Amino acid sequence: SASTAQRDRRRIRGSQVVVALQMSLCVVLLVTAGLLVRTLQNLESVNLGMKTDGLLVFGISPLQRVHNNSEANRFYQGLITRLRAVPGVQSVTVMGNRIGSGWSNNTGAAVDGKPPLGDKFAPMRWNVAGPDYFHTVGTPVVLGRDFNDSDSESAPLAAIVNQTFANRYLAGRPPLGHAVNLARGPEGAYNIVGVVADSKYTGVRETARPVAYFPYAQIKGNATLHFEVRTAGNPAAWLPTIRRAVNGYAPGLALLQPMTQRAQFEQTFSEERLFFRLSMFFGLLAALLVATGLYGTLAYTVSRRTSEVGVRMALGAQRSQVLWMILRGSFLVTLIGVVVGLPLAVAATKLVRSALFGVTPGDPITYVAALIGIGLVAFFASLIPALRAASVGPLVALRYE
């Protein structure tokens, strides 16, 4: 009516502005959450260069039971033999730094006693490993052999390098037969007996780097080693059995941080997982608020325009035309919200660039998915009020007060 038209128009436009702002915020949150969810999926599916299924990892520190390096080697070899005999255990090995823990040994590489890059520093990561190490963790041996029980402290010094090491420091030369020095002076050079495929060392985000592996028995000072045990089935279920076997070999010896190898790698992005899930929650919450606000605004608009709808239908308007008239206002609010929200989303994604993995801030798939999500939310939130308006009979609408 003439007495309320201006007031209703101001109220409706005010509600539409609020909904458009909510819509723009929803675009920002959904785009950001989409990028983070895709990052989490990439982290969980990244190629680790090994087979984590079936692997159980734990640390052993026999400091009170051994007094020198030879005793430590005999202790570890005896425990390896004991665990191999456990029914259901497929293979057992040890390592110095636990892979996936974030720690690594780093030094400058020397090949055949010389820096492989001349005057430039040649970075190299290294780790100590036990017999059947690469067979146990599931990393393919590309050339040569794996470590075995004969790589003892009295045996010829041996080393295994990864593919990146061979490509960068031995390019164009057969890797086997060359030597890797640990910059430990007269302790000698370790002859390369194998080349393995690249695998993750500190965490899932790292890029391939030159890595050399040395037999644990030929490196002094192994106070604590970490065991990798490959089992049949769920490795976590084997923990009590492994614990009993260790206790039978060395009563009272504790297992340090026992867990599955998959869980160890997942710890490297546990904070990201929590942050990503929170982002997804707030993105969905924003979508729910947008749907609620849009539905409320349209429901109010329809109730105030019921008489108008009756006049239009009495003058020949079809139900489809009334339906489109209501939906058109919703689409306009959605379009304004998207136009305002997209630049804000582009700015917001730059702030989380460092947290992304395997996806760029401008990933088109994420933006399209977010816009489709916004469109579906707006459509279904608008559909009920629009159908209600289109289903009202002309005589009923004309008599509506």
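Asn222 counts as buried, because its relative accessibility is 12% and the cut-off for a buried residue is under 20% relative accessible area. This residue belongs to a predicted model. Asn222 sits in the loop that runs between strand E10 (211-215) and strand E11 (225-231). Its side chain reaches the backbone oxygen of Tyr216 at 2.7 Å. Leaving aside residues up to four places away in sequence, Asn222 touches Asn69, Tyr76, Val128 and Tyr216.

## The chain as a whole

The chain has 401 residues, of which 47% count as buried. Its secondary structure consists of eleven helices and twelve strands. Among contacts between residues at least 6 apart in sequence, 82% join residues at least 24 apart. The chain exposes about 19600 Å², and carbon and sulfur atoms supply 61% of that area.

Strand E1 covers residues 55-60, and six of its six residues are buried, so the strand is largely enclosed by the rest of the structure. Both faces of E1 are covered.

## Salt bridges

The count of salt bridges comes to six.

| Pair | N to O distance |
|---|---|
| Arg262 and Asp53 | 2.8 Å |
| Asp149 and Arg84 | 3.0 Å |
| Arg125 and Glu206 | 2.6 Å |

The side chains of Arg262 and Asp53 meet in a salt bridge. Arg262 lies in helix H6 (residues 261-266) and Asp53 in the loop between helix H1 (5-45) and E1, so this pair ties together parts that are 209 residues apart in sequence. Arg262 counts as partly exposed at 36% relative accessibility, while Asp53 is exposed, with a relative accessible area of 52%.

Asp149 forms a salt bridge with Arg84. Asp149 lies in the loop between strand E6 (141-144) and strand E7 (158-162) and Arg84 in helix H2, so the pair ties together parts that are 65 residues apart in sequence. Asp149 is partly exposed at 42% relative accessibility, and Arg84 is partly exposed with a relative accessible area of 28%. Arg84 and Asp149 also belong, together with Asp132, to a network of salt bridges.

Arg125 forms a salt bridge with Glu206. This pair links distant parts of the chain, 81 residues apart: Arg125 is in strand E5 (residues 123-129), and Glu206 is in the loop between strand E9 (189-196) and E10. Arg125 and Glu206 are both buried.

Helix H2 (residues 69-84) contains Gly78. Gly78 counts as partly exposed, because its relative accessibility is 22%. Gly78 and Tyr249 are 171 residues apart in sequence, and their C-alpha atoms are 8.4 Å apart in space.

## The loop between H9 and H10

Arg353 is placed in the loop between helix H9 (319-351) and helix H10 (364-390). At 48% relative accessibility, Arg353 counts as partly exposed. The C-alpha atoms of Arg353 and Leu36 are separated by 9.8 Å, although the two residues are 317 residues apart along the chain.

## A nonpolar patch on the surface

A nonpolar surface patch of about 690 Å² is made by Leu274, Leu278, Phe281, Phe282, Leu285, Leu288 and Leu289. One of these residues, Leu274, lies in helix H7 (residues 270-304). Leu274 counts as exposed because its relative accessible area is 56%, and the cut-off for an exposed residue is over 50%.

Technical notes: Residues are numbered from 1 along each chain as its sequence is written. This is a predicted model: local features need pLDDT of at least 70, side-chain atom pairs count only at pLDDT 80 or more; totals for chains, interfaces and linings use all residues. Side-chain values use heavy atoms; hydrogens and water are left out. Helices (H or I, at least four residues) and strands (E, at least two) are DSSP runs, numbered from the N terminus. Buried means under 20% relative accessible area, exposed over 50%, partly exposed in between (1.4 Å probe, protein chains only). A polar contact is a pair of N or O atoms within 3.5 Å; within protein, one must be able to donate a hydrogen and the other to accept it, and residues adjacent in sequence count only if both atoms are side-chain atoms. Contact means heavy atoms within 4.5 Å. Accessible areas come from the Shrake-Rupley method with a 1.4 Å probe; for residues, only the protein chains shown count as cover. Patches are made of residues with over 30% relative accessible area and no salt bridge: like charges are joined within 9 Å, nonpolar side chains (Val, Leu, Ile, Met, Phe, Trp, Tyr) within 5 Å. A salt bridge is a side-chain nitrogen of Lys or Arg within 4 Å of a carboxyl oxygen of Asp or Glu.
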